[in-house]
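Here are a few exercises to work through with the model open in your viewer. Try each task before reading its solution.

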Amino acid sequence: MRYFGRVAGVAIGLLVLLCASAPAWGSGGHHKTPKRVLIVVLDQFRPDYVDTFDMRNVKALMRDGVDFENAYLGHMASETVITHNVITSGQLPRDMGWADEVYRDSDDVLGEGPDSMWISGSLTQEQFDKLIAHAGYAKLADYLHAKRPGTKFITAGQKNYAVFSANGPTGDIAVTFSSRNADCDGDGVNNWRGPTGLNVPSYLSAPSCGRFYVDSATSNSYGTATTSPAWMYPLDGNRFAPGFDPAHRGGDVWTTDAGMAMMEREPWSGMLLTLGSIDKASHMWGGITDVGRYPAGSPEEQAHLRFIAKTADEQVGRLVRKLRDLGQLDETLIVLTTDHAGQPATRHHGVNAAGRSDNNWYYGETENGSFLAPSPSLAPLIATGNVRFTYQDSAIRTWLTDTSTAAKKSAAKVMATLPSVIATYRLDGRRYRLAEANLKAMSPRELVYWVLHGQEIVDTMAAPYAADVVGLLRDDTSYGVAGDHGGAQRPVQEIPIVFAGAGAGSRDSSYPLRSVDILPTILRAMGIRARPGLDGKGVELP
Ligand SMILES: [Zn+2]
Ligand SMILES: [Zn+2]
């Protein structure tokens, strides 16, 4: 009896241990072919944020699912408006119709004349749809529709260009914030945002001034409009901060609530939720260097990364719980990733003044926005008289007026003299040619990463619509704001990619998966045949 008791005790103990360590979706997860895929993009997320900001729900996904420990973004421009389409198309920027924050309409797709210039982040849903259709490839929505007719692909997030580009011509529902067009607090000013997009369900949009309307007054900056360096790119109410109004929470809570409401009601087979707040806080303060602690419940707390990252992590936990509550967890593949990492601008070559963000990033005139107050650090480049447009954050990309080879060579030579430039390249058809290399400007670590990945990453955007001349920069350098991305540096390129839930096991992988490989890997896990012409390479989940 005593012996049996001991054995039973040990057995029960083992059982408890097994249950505690089993993935939340049960042991059958590995072999089950998923019916749905949920992609969660934490904008400007770095792997080291997980421990620095105690992101336990993300950590649990990494532990229970397949964490690609050597994942990297693998393309330029490392920007929101690029990667949301890379993830949902499996195409590299050079094949997907646009490659950067700025777009030269070489084929006159938008109808304002060949080579007209555009800010891609300000394109409409219809304009993105035209670019995607012109390049002629399938999106995740097309694959899911073919596999499971009648189901929906849904996108939601605070940034409209992330949502529009991910949704594309064939997504079914796209939900993002409107402009400030509602007055829900009766102060006589239209400073609230509500849900807008494609086929926005009435349970989100009605009643007017309901839960999905949030106060986005620029006067409510949580102090960031008057505090350096955040003042370059300050908060506008609760578009990115959750805020203190329990009936109208903004930021990542807004996107998550919208996503969960649609999970409950829609016959969905794919959903991409893009949580934009980590990006905002990281741009304002520098990202990984913003480790301060602020009083609980204070406005300062809402404006800084620790609280914002913790809030994003809570949303990941809420999404997993929601799937479980709906009985969908066992049949859903979850992909957690980002659209680029980020780095503090320890070397900042923009102008650190209130509201400077756009004028640091952009210089030139386009069809949908003009920026004519460049930073002094760009003066030698602009003095060439051949700059049609230049965009600079953690890399410099310049479109020229005279695009002859000689003009590109001379612009690349001048660009190489700008602060913290490590190498310059000129566009030559389907590739970039190295023009100048400032080997002495690089640390040994920067040199190694540049040799391994510099040419590879720059080439991913070689297309007629991309920049004529590109300048790569040192690590922890930006011409934009206090924390930034856009280039080919290791701190911007190293990203988390995690597959969890149905179709994924719990063994981590050392395979260096790129962002462009996500779509074919999803297709493989879901038993969907990839169409020819994908740039990405699908891997079998361990
Ligand atoms: Zn982004
Ligand atoms: Zn960003």
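**Exercise 1.** Decide whether histidine 485 is buried or exposed in this predicted model.

*Solution.* Start with the cut-off: buried means under 20% relative accessible area. Histidine 485 has 3% relative accessibility, so this residue counts as buried.

**Exercise 2.** Find the protein donors of the zinc ion (ligand 2) and work out which arrangement they form.

*Solution.* First, list the donors: Asp279 (OD), Asp279 (OD), His283 (NE2) and His485 (NE2), at 2.1 to 2.6 Å from the zinc ion (ligand 2). Next, look at the angles. Four donors count as tetrahedral if all angles lie between 85 and 135 degrees. Here the 4 donor atoms subtend angles of 54 to 158°, so the arrangement is irregular. Then trace the donors along the chain, where their spacing reads D-x3-H-x201-H. Aspartate 279 sits in helix α11 (residues 277-285), while histidine 485 belongs to the loop between β22 (483-484) and α18 (490-493), so the pair ties together parts that are 206 residues apart in sequence.

**Exercise 3.** Repeat the analysis for the zinc ion (ligand 1): which are its protein donors, and what is the geometry of the site?

*Solution.* The donors of the zinc ion (ligand 1) are Asp43 (OD), Thr80 (OG1), Asp339 (OD) and His340 (NE2), which lie 1.9 to 2.0 Å from the ion. Angles among the 4 donor atoms run from 95 to 129°, and the site is tetrahedral. Along the chain, the spacing is D-x36-T-x258-D-H. Threonine 80, in helix α4 (residues 80-89), and histidine 340, in the loop between β11 (332-337) and β12 (343-344), are 260 residues apart and link distant parts of the chain. Both of these residues are buried. To finish, check the distance between the ions: the zinc ion (ligand 1) and the zinc ion (ligand 2) are 4.0 Å apart.

**Exercise 4.** Which cysteines does the disulfide join, and where do they lie?

*Solution.* The structure has 1 disulfide. This bond joins cysteine 184 to cysteine 209, with an S to S distance of 2.1 Å. The angle about the S-S bond is -80°, and the link is left-handed. Cysteine 184 is found in the loop between β6 (173-177) and β7 (192-193), and cysteine 209 in the loop between α9 (202-205) and β9 (214-215), 25 residues apart. For accessibility, cysteine 184 comes out at 23%, which is partly exposed, and cysteine 209, at 28%, is partly exposed as well.

Conventions. Residues are numbered from 1 along each chain as its sequence is written. Chains are lettered from A and ligands numbered from 1 in the order in which they are written. This is a predicted model: local features need pLDDT of at least 70, side-chain atom pairs count only at pLDDT 80 or more; totals for chains, interfaces and linings use all residues. Side-chain values use heavy atoms; hydrogens and water are left out. Donors are N, O and S atoms within 2.8 Å of the metal (3.2 Å for Na, K and Ca); water is not among the atoms, so sites may look incomplete. Four donors count as tetrahedral if all angles lie between 85 and 135 degrees; four count as square planar and six as octahedral if opposite donors are over 155 degrees apart and all others between 65 and 115; anything else is irregular. Helices (H or I, at least four residues) and strands (E, at least two) are DSSP runs, numbered from the N terminus. Buried means under 20% relative accessible area, exposed over 50%, partly exposed in between (1.4 Å probe, protein chains only). A disulfide is a pair of cysteine sulfur atoms within 2.5 Å.
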